[in-house]
Structures are given as C-alpha cells and as structure tokens.
Amino acid sequence: MDYKEIQDLIKLVKKNQISELEIERKDFKIQIKSQGDDPIIQQVSMPAQPQLQQPMQQFSQPNVQPQHSQPDSSAETETEPSHLIEMKSSMIGTFYRAPGPDKDPYVGIGDSIKQGEVICMIEAMKLFNEIESEISGKIVKILVEDATPVEFDQPLFLVDPKA
Amino acid sequence: MRIMRTCKEMGIKTVAVYSTADKESLHVRNADEAVCIGPPNSKLSYLNMPNIMAAAEITNADAIHPGYGFLAENADFAELCSDYNIKFIGPSPEMIRKMGDKITAKETMIAAGVPVIPGSEGLITDIKEAKKLAKEIAYPVILKATAGGGGKGMRIVREEIEFEKAFNTAQMEAGASFGNDGIYLEKFIEEPRHIEIQIAGDQFGNVCHLSERDCSIQRRHQKLVEECPSPYVDDELRKKMGDAAIEAAKAINYESVGTVEFLVDKNKNFYFMEMNTRIQVEHTVTEESMDFDLIKEQIKIAAGEKVVGRAYFPRLHAIECRINAEDPYNNFMPSPGKIETFYTPKGHGVRMETHAYSGYTIPPFYDSMIAKLITYGPTRNEALAIMKRALDEFVVIGVKTTIPFHRKLMDHPDFISGNFDTKFLEQNDILNE
C-alpha cells in the first residue's frame, strides 16, 4: 500500500465518520482509529469477510477519489457510471483468475469479452468450474482478488456492455 | 441465534449461511463470518447441499449445526457431511433413516418393547384383511400415509361401512401430496394428549431423559403452545414414559439429543407416535424448567463427551407461546412485511427467542414464526400470570401477529385448569368466546 492510498483511506474514515477501520491483506494489516471531535456513529456491523475485498480494489486504482468532488460527469468519482453491469457469482467457492498457478489469466482489465466466454474459475469441493460470461462487453474492473473465497451473488466483474 | 449464543459461550466461532432474502437477518449480523448460499427459494439455498458444503469448505468449518427444519433430519445431508469430514451435529444417517420412515420406526419400537398404537403391520395391501384388523382393534380407527405429515393422507373411520371409501380417498391424497400412496392403519386414540419426552444419548451407548413436554395445543397439527411439565403427567407416568423413551433411543443406539413423541389417552395409557431426531423448537421449556442448556449438551455429545447418565426433572414450570406473523382474526393468514416497532417483554421469569427487531422486514419465503415467548415460575399459575403480563407488554407494529390469540387463550378456563387435549383448538373458538 502506498502513501497516497493510506491518505485516501484516512480521508474516507473521516468523511464517513468511521470510528475504527481494520483491513488485513496477505502482505499487510492497517488499523485506523478516529478520536476526539469526530462523532461516533453506530454503524451496521462490518460486512462479512468476502465483501471486504471490494473497498481494497477501489484503492488500488489510482484514479479513484474518495470525495464526491463533482457530479457524475467526472470520471474520477466513487459512484460508478450507471450503465456498467456487475457480473455476480452464482457459486460458492474459491475464485481464480487463471486456469492454473503459472498460466495466464482468462481476462484482464480492458479486455473485450463475448457472451459465453470463460472469464474465471471457481473451485468448490475439489471441483473446478469454468465460469462463462452472461454478457458481451469490456471488462472495466475485477472486483475480487485471485484465490479468494466468494459467495453467492457476490459481484466479480464490472463490465461495460456498450464497449 | 440460539445456537450462536451457546457457541459463543463455549468459545466456538460461527459462520452463518443465508439466502439473499435473509441478508439483514440477525443471525447473519451476529456470526463471526457469513456466507451467502443462494437466492430466496429454499431449494436453491437452505436445501442446497452442495452450496452449503462449499460454504463450509471455504470457511474451514469443523462442524455444521442443522438447527430444525430444512436439512436437520435429512440423512443424505448427514452422510454428505461425514464424507467431507465435517461433523454433523446430530445423529448418524442410519439413525435418522430408521426413525424417518414411520413403519420402520414402529417395527423397531415393537421389538424394543415400547408401547405402540395397535394397527396394521406395514402398509395395507388387502382391504378385506384391513377391515378384519379394524374390527379386532375396535373402531374408531385412522388411516394414515406412511410418507405423510401435516394431516394429509389421513382419514378417521368410525364405522365399517365408511372404511373402503375412506381408504380410497386417503390413498389418492397421499399419492398427490407425497408421491407415495402407501397407507397404514392404526387405532384412533380419543381425547389424546401429545406428550413428548426429551432424550440425550452419547457415542458410548448411554441415554438419559429430561422429562416431558405437553404440546397438545395445536392448530392443524402445528404446535402453538408447549409446556414443561405437563399438567396431566404425575411422577409415576413420567417414570414410565421416560423409561420407554430411553428404550426407544437405545434400540437404535441413538446419539445426540432427540424427542420421542407419545399420544396419551384419557386412561393414562401412552403410545409411541414418532421420534424426532433433531433439536426441537420447544426445547426451550425443558431448558427453563430445569436450568439446562440442551444445545450445549448437543455440541458436547458431538465432540465425544458422555451424557450425565441420570434423569432430569422439572424444578420450575415453563410455558412457551409461538408468536407467528399471522392474522388470527383472518384465519391466521401470513402477514410478512416490515416491522416498524418491535418491543419485547422483559423482566423476571421471561425468556425471549427471536431474530426480529425494529426495522426488520420479514421475508415472505419462509416460516411465519417470528418469536418464542417463554415464561417460567415455581408453579404453573405463576408461569401463566407472567405469560399474561408478558403478552400484554409485547408490542409489534407493522405486521399482524398471533399475540392477541395467545392472550385470549391464557384466559380460557379449560386451559387454566390444564384440561385440554389435541382437539382443544378445534373445539374452542378462542378469539370469539
């Protein structure tokens, strides 16, 4: 995590009046606590583990700003343009971006995909399932990290169907 | 929530599985981890064995507690857990199968010397033979579906001339409801009380009982009120029934907690009805009457510990009212939707079990029960007084509930005197009396 990302996280914590935020990844762990003047709001408890992956993905994209500086016309806002489609998981298991550990990923950001094309693999109970895309378009974002658990209805890819 | 609380007390971490409809459910928020396992349709989520096993796998779960309903008495699921080396908190697949089929269960009980309701040995294959048997047993008799439940495929026959017609309609109904048109014959017990015995068995062959529960207050074969002890059972009957229940459990080497259900007639004769190989909704009244944690016991047994080896008897009197999101003034029509205000009764002698809260939306896809209100006291009258007070204190705004029904029931003289059987709600229009 670089300095800019940590700055963005701090801004997010203050803006949303989060009192305590803890994020753990393979390579690091960060804990941010808000003190003093900031009011502490009773938030709904932290989302279940698999969903925690999502905010991390947003911060690894350098062009995402935490503040709502301008309405939707700006490309650099948190809210996604509304025509993008989330492709959700229909299975529970471990998400893999490539058919094997030393193989190329099925798709990358910016790739065009066709309906029926294999875009990822989900493994459960020793069974490997190649997941086909329901739509055609361009991959805008990959919302889940490689080799992490996913649950039913969890968004995996953000696709621009018009591209 | 019930299971999660005990797990937390025992230092065991929990994973909640949920359908998309239950995303805001209390158990999801309270668990250490949660995994969404499918859409609202139960078949694709809560009954979806591969999805549940996958959820167990990605969370590295050691055991699965099936609760009650859904897969709790599904032998195939218990077997699947065993194949994947995940402990199913309950009995083995064989034990579930033995008690799951009503005819096999009855045969096992007869062999164990447990009193059963006189009837046919297996399914009826010949109407002439059946009529002969009915005459021997003495009318009234009842025809029942072997794969059945909930009152379907059942016909009461009071005289021989009705027999053939009743048999044909019962058979057709059973075929349509369960895909299995097998019918068997039993003596029809008049004025029966539904009294069940809680048991617990361990891996080492020890079984003990935890006395009875009276579940006679039923509407369309669904229990609405349960209590421990039963106002109808004296020490002698308790001992006889407890011993019989232990024999029943030992006959199949039963492991885990379970319940043996009996019908008791007006002469205090008791007959085996069926065995439930899971923890039951009304386990709470047993717990409050004798200060015992049945879920903890169930988990301990699953972990390989021994049961205590002596019988448990009630020290207090406990009553439970099942609160459903149904409109009692409109034929108990289900009333799902958003609960705006949910203020639960509290204070001495009150236990609340609920997953609902202010702002919670009851999904329309599942059971209508939203809370269990349990009250307990040194005597039945005191437990009743607390129940009346608690029902008056209970405020639910936004959906209809059966609270007014229960409140009226608590004022009914026959209920207060303990003078009721399974026909009670059929024969008494509680709300309008």
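Predicted model: local features only at pLDDT ≥ 70, side-chain atom pairs only at ≥ 80, totals over all residues.

Residues are numbered from 1 along each chain as its sequence is written, and chains are lettered from A and ligands numbered from 1 in the order in which they are written.

Let us begin with chain A. It has two helices and ten strands, where helices (H or I, at least four residues) and strands (E, at least two) are DSSP runs numbered from the N terminus. Along the sequence they follow the pattern α-β-β-α-β-β-β-β-β-β-β-β. Of its 163 residues, 18% count as buried; a residue is buried if 20 or more other C-beta atoms, placed from the backbone, lie within 10 Å of its own, exposed if 12 or fewer, and partly exposed in between.

Where do the two chains meet? Twelve residues of chain A are in contact with 14 residues of chain B, contact meaning that C-beta atoms, placed from the backbone, lie within 7 Å. On the chain A side, six of these residues are nonpolar, four polar and two charged. Here Ala, Val, Leu, Ile, Met, Phe, Trp, Tyr, Cys and Pro count as nonpolar, Asp, Glu, Lys and Arg as charged, and the others, Gly among them, as polar.

The largest nonpolar core has 98 residues. Such a core is a set of buried Ala, Val, Leu, Ile, Met, Phe, Trp, Tyr and Cys residues joined through C-beta atoms within 7 Å. A:I92, B:I37 and B:F262 are among the residues with the most contacts inside it, and helix α9 (residues 235-251) of chain B gives the largest share, seven residues. Leaving aside residues up to four places away in sequence, A:I92 touches residues including A:F152, B:V35, B:I37 and B:A55. Another core, of 34 residues, lies apart from the largest one and includes B:I339 and B:V399.

Next comes a helix pair in chain B. Helices α4 (residues 75-83) and α5 (residues 93-100) pack at about 175°, with their axes 8 Å apart; axes are lines fitted to C-alpha atoms, for helices over the stretch in contact, and angles run from 0 to 180 degrees between N-to-C directions. The two helices are therefore roughly antiparallel, the word used for angles over 145 degrees. In this contact, B:A75, B:A78 and B:E79 of α4(B) meet B:P93, B:I96, B:R97 and B:G100 of α5(B). B:A75 and B:A78 are also among the buried residues of α4(B), and the elements covering those buried residues include α3 (49-58) and α5 of chain B. Just after α4(B), B:N85 takes a positive phi of about 60°.

Finally, chain B holds an open sheet of three strands in the order β6-β5-β7, with antiparallel pairing; strands pair if DSSP finds at least two bridges between them. β6 (155-157) and β7 (183-187) are the edge strands. β5(B) and β6(B) pair over three bridges, and B:I142 stands opposite B:I156 in β6(B).

| Helix of chain B | Strands of chain B | Angle |
|---|---|---|
| α7 (residues 127-137) | lies across β5 and β7 | about 20° to β7(B) |
| α8 (residues 163-178) | touches β5, β6 and β7 | about 25° with β5(B) |

Definitions and conventions. Contact = placed C-beta atoms within 7 Å. Parallel < 35°, antiparallel > 145°, perpendicular 65-115°, else oblique.
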